[in-house]
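Hi,

Here is the structure I said I would pass on to you. Have a look at it first, and then read my notes below.

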Amino acid sequence: MSRHAGDGRQPPEERESARESTSTRKPRRKRVVLNDSRNPVTVVRVITELEEQTSVGEALVRNLVRAQLKMALWLALLTALLFGGLPLAFYLSPRFADTSVFGVRLPWLLLGVLPFPVLFAIGLLYNRLAERHEMDFVNMVES
Amino acid sequence: MELNPSAIVGIGLIGAVTFYLGFHSSRLANTTPDFLVARRIVRSRRNAAAITGEYLSAASFLGIAGLILKDGVDTLWYAVGFTAGYLALLLFVAAPLRRSGAYTLPDFAEARLGSVGLRRLATVFVVVISVLYLVPQLQGAGLTLSTVMPVPAWVGSVVVVVLVAVNAFGGGMRSITVVQAFQYWVKLVALALPTFVLIVVFVGGHPAASPLSANTSPVFTSQKSIAIPVAVQLQVAEPVRVQAYGVVNGFRNNGPLLMAPGIFYKVGANSTLVFPAGSPVPTPSDSPDTNAAWLRPQSGGLSALFSTYSLIVALFLGTMGLPHVLVRFYTNPNGRAARRTTLHVLLLLGLFYLFPTMLGALSRLYTPELLVTGQTDAAILLLPAKLVGGMGGEVLGAVIVAGAFAAFLSTSSGLLVSIAGVVSTEAFPGRVRDFRWATLLAALVPLVLALSLPQADISLSVGLSFALAASTFCPVLVVGIWWRRLTWVGAAAGMVVGGGLVLTALVLNIISEYTGSWAPWPVVQPALITVPAAFATVIIVSLCTQDKVPPDVSRILLRLHAPDPLGFIRDRDVARFGPAAPQSPTDGRHHRG
C-alpha cells in the first residue's frame with residue numbers, strides 16, 4: 001500500500017477497493033498514479049483530499065462547478081435571447097414579419113436557415129470554454 | 001394511391017440491407033453488456049452518425065414538411081427546437097451524465113439519489129415516453145407504405161415492427177448502432193438528392209406551378225378529384241364551386257356545392273370532392289387560409305403566440321429527457337468524448353434540417369390537394385411525381401420513400417431497444433433471454449396502440465412526448481447535476497406532478513379531437529405550464545425534505561464534475577453486469593469504416 005510513483009516510469013493505473021457501495025460514509029481510498037507528474041506526492045495528496053471531502057477538496061470542486069454552471073447559464077441565456085425574442089417580435093411587428101431578403105421572406109431565413117450555424121457556433125464555444133476550465137483545474141491540481 | 005414499383009424495390013432493399021447489417025454484427029453480441037450498450041469501442045464519428053440517425057425520426061422527415069405545407073412558417077420551430085434541444089443537452093447534461101456512469105435514466109436517478117423506488121418510477125415514465133414517441137413512427141410507416149402500394153395503413157406498421165423486432169432479437173444495441181449509422185446516410189442522400197433535383201426543376205420553371213402570391217389560397221391548376229378517407233373540417237378564403245359526393249355538414253350531397261368563406265365544412269369519411277381547374281384549395285379549419293397568412297409567422301393571435309412558446313420550451317428542454325437518446329450517450333468513453341459527440345450531432349442535424357423545410361414550401365405549390373385530405377404528412381412522398389413526372393419522378397419518389405422507411409426503421413429500433421433494455425433490467429434480472437422477451441413485449445404494445453388510435457399529425461404526437469420528457473426527466477437531470485440539495489422525494493414529486501399534468505393534457509386532447517376540438521392552447525401544448533410546475537415542485541419539496549439528502553452527495557457531485565483525467569468515472573453497468581467479453585481482432589466490425 002505504500003508503493004509510490006517515485007520514478008514516474010510506472011504505467012498509470014487505478015485500483016478501487018473491491019466492495020463498492022454508494023451509501024457508506026467511509027470514503028474510499030483511491031490511489032491514482034499519473035505519468036509525467038512533476039511532483040507525484042502532491043498530486044496524490046490533492047486527489048486523496050478531494051476524495052476524503054476535506055474542506056480544501058470541497059472548495060476546489062465547488063469553484064469548478066460554479067464556474068461551469070455560470071458559463072452554461074450565460075450561453076443558455078444568449079440562446080434564449082437570440083431565439084426566444086423572435087416569436088414576440090413577429091407578433092408585435094407585422095412589418096418585420098413581412099420583409100423580404102433576396103426574394104425570400106425574412107422569417108423563413110431566420111427560422112429555417114440561420115439558427116443551425118448559430119446553434120453549432122454556440123456549442124463549439126461552450127466546448128472550448130468547458131475544456132479550458134477543466135484543463136485549468138487539472139493543471140492546478142498537478143502543480 | 002398508385003403503385004410505384006421502384007419504391008417497393010427501394011423499401012425492399014433498405015429492409016434487406018438493414019437485416020444483413022444487423023445480423024452480421026449480431027453474431028458477436030452474446031453477453032448482456034454487449035446487448036445493452038454497444039461498447040465504448042464505437043468510434044465517436046460513427047456514434048454521432050448513429051445518434052443523429054436515430055434522432056431523425058419520421059417526425060423530422062415527413063412531419064415537418066407536412067406541417068409546413070399546412071401551417072406555414074411557425075412550424076419551423078420544430079426543426080429549430082429539435083436542434084436547440086441538443087445544445088441544451090450539451091450545456092447542462094452531456095459530460096456530467098456520462099461521468100455518472102449511469103447507463104439509463106432510471107439508473108442515473110438511483111445513482112444520484114440512492115432510491116430504488118425513484119428508479120422504478122423513472123422506469124415507468126421511460127416506457128410511457130418511448131411508447132408515445134413510437135406510436136406516431138409506426139403510423140407514419142403505415143402511411144408511407146399505403147402511398148406506394150394499395151395496402152391499408154396497418155400493413156406498414158406491422159412490417160416495421162417485425163423487421164425491428166427480429167433485428168433487435170438477434171443483436172440488441174450493437175447491431176442497432178451499425179444499422180442506424182447506415183440509415184443516417186441513407187436519409188441524408190434520400191433527401192439531399194431529390195431536393196436538389198426538385199429545386200433545379202422548380203427554378204428552371206415548371207409550367208404547372210401556381211405562385212405563392214399573397215392573399216390568395218393555393219390553387220388547383222387542373223381539374224382534381226379528391227377522395228377523402230377520413231372526416232375533415234375545411235374552410236375557404238373565397239367562394240369555391242365544387243362537385244361533392246358524400247356527407248357535408250350533415251347533408252348528403254350528390255352534385256354541385258358552393259363553399260363560402262366564413263363557414264366550416266365538415267366533410268364525412270369516404271366522400272369525394274371534384275374541383276374545377278383554377279379553383280382555390282380549401283384548407284383545414286385550424287390552419288391559415290390564405291397564402292399571405294401562411295407566409296407570415298404568428299398570424300394566429302395571442303393564443304398562437306403562447307402555443308409557440310410552449311412548443312419551444314417542450315422541444316428545448318425535452319431532448320435531454322428522451323430515454324433513447326440518453327442510452328446511446330453512454331457509449332462514449334468519457335465526459336469529454338460525450339461533449340464532442342454532441343457537438344458533432346449538432347452539426348449533422350443542422351445539415352439535415354435544411355431539406356424538409358425547402359420541400360415543405362415546394363409542396364405548398366405542387367401538392368395542395370393534401371390540404372383537403374388532411375394527410376399532409378405524405379407531402380414529401382408525392383412531390384417528385386408531381387414535379388418531375390414520368391420515370392424520373394417515379395425513381396425519385398422511390399428514393400424518398402426508401403429514405404422515409406429508413407427513418408422509421410432506425411427510430412423504431414432505437415426506441416424498441418431502449419424500452420426492452422429498461423424493462424429487462426428493471427423488471428427481470430438482466431439476462432440475455434429476458435432482453436429478447438422484453439423486446440417482443442415492447443413491440444406488441446405500441447403496435448396495438450398505433451393500429452387502434454386515430455392518425456394524428458406525426459410531429460404533434462412527437463411534440464407531446466417531448467413535453468412529457470421536459471416535465472419529468474429534465475428537472476431531475478438539471479437540478480440533480482447542478483444542485484446538491486436535491487432529494488429523492490423532491491425528484492419523485494416533480495416527476496409525478498409534471499408527468500401527471502402532461503398525461504392529463506394528452507387525455508383531454510384525445511377527447512377534444514373526438515368532440516369538436518375545443519381544447520385551448522395549454523392542453524395542446526402544455527409545456528409552458530407543466531415544466532415550470534415540475535421544476536417548482538422539485539425544488540420546493542426538496543427544500544422541505546432536506547433530511548433525505550444522500551449522505552455522500554459531495555462524492556457523487558465530485559464524480560459528476562471532476563475532469564476525466566482525474567479518474568473518478570465508474571461505469572455502473574460494469575459494476576452490475578461485469579465487463580464485456582474479450583474482443584476479437586476484427587473488433588466485431590466486418591465492414592471497414
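Starting with chain B as a whole: of its 593 residues, 59% are buried. Please keep in mind that this is a predicted model. Chain B has 23 helices and seven strands. If you take the contacts in chain B with a separation of 6 or more, 81% of them are between residues 24 or more positions apart.

Next, the place where the two chains meet. On the chain A side there are 47 residues in contact with 42 residues of chain B. Five helices of chain A each give at least two residues to the side that touches chain B: helix 1 (40-51), helix 2 (55-92), helix 3 (94-98), helix 4 (106-112) and helix 5 (115-142). The largest share comes from helix 5 of chain A, with 16 residues. Sorted by class, this side of chain A has 31 nonpolar, eight polar and eight charged residues.

Back in chain B, there is a helix pair to look at. Helix 15 (residues 379-387) and helix 16 (residues 390-426) of chain B pack with their axes 8 Å apart, at an angle of about 170 degrees. Angles over 145 degrees count as roughly antiparallel, so helix 15 of chain B is roughly antiparallel to helix 16 of chain B. Which residues meet there? From helix 15 of chain B you will find B:Ile380, B:Leu381, B:Pro384, B:Ala385 and B:Leu387, and they meet residues of helix 16 of chain B including B:Gly393, B:Leu396, B:Ile400 and B:Ala404. The class count for this contact is nine nonpolar, two polar and one charged residues.

The strands give us a hairpin. Strand 3 (residues 240-248) and strand 4 (residues 251-259) of chain B pair in the antiparallel sense, over nine bridges. To pick out one pairing, B:Arg241 has B:Leu258 in strand 4 of chain B as its bridge partner. Two residues lie between the strands of this hairpin, and B:Asn249 takes a positive phi near 50 degrees.

Last, helix 21 (residues 527-544) of chain B. This helix has 18 residues and reaches 25 Å from its first C-alpha to its last, close to the 26 Å expected at 1.5 Å a residue. Which of its residues are buried? In helix 21 of chain B they are B:Ala527, B:Leu528, B:Ile529, B:Thr530, B:Val531, B:Ala534, B:Phe535, B:Thr537, B:Val538 and B:Ser542.

Cheers

Methods. Residues numbered from 1 in each chain as written. Chains lettered and ligands numbered in written order. Predicted model: local features only at pLDDT ≥ 70, side-chain atom pairs only at ≥ 80, totals over all residues. Pairing = 2+ DSSP bridges. Helix = DSSP H or I, 4+ residues; strand = E, 2+ residues; numbered from the N terminus. Buried ≥ 20, exposed ≤ 12 C-beta atoms within 10 Å, placed from the backbone. Contact = placed C-beta atoms within 7 Å. Nonpolar A, V, L, I, M, F, W, Y, C, P; charged D, E, K, R; others polar. Axes fitted to C-alpha atoms, helices over the stretch in contact; angles between N-to-C directions. Parallel < 35°, antiparallel > 145°, perpendicular 65-115°, else oblique. Expected span 1.5 Å × (residues − 1).
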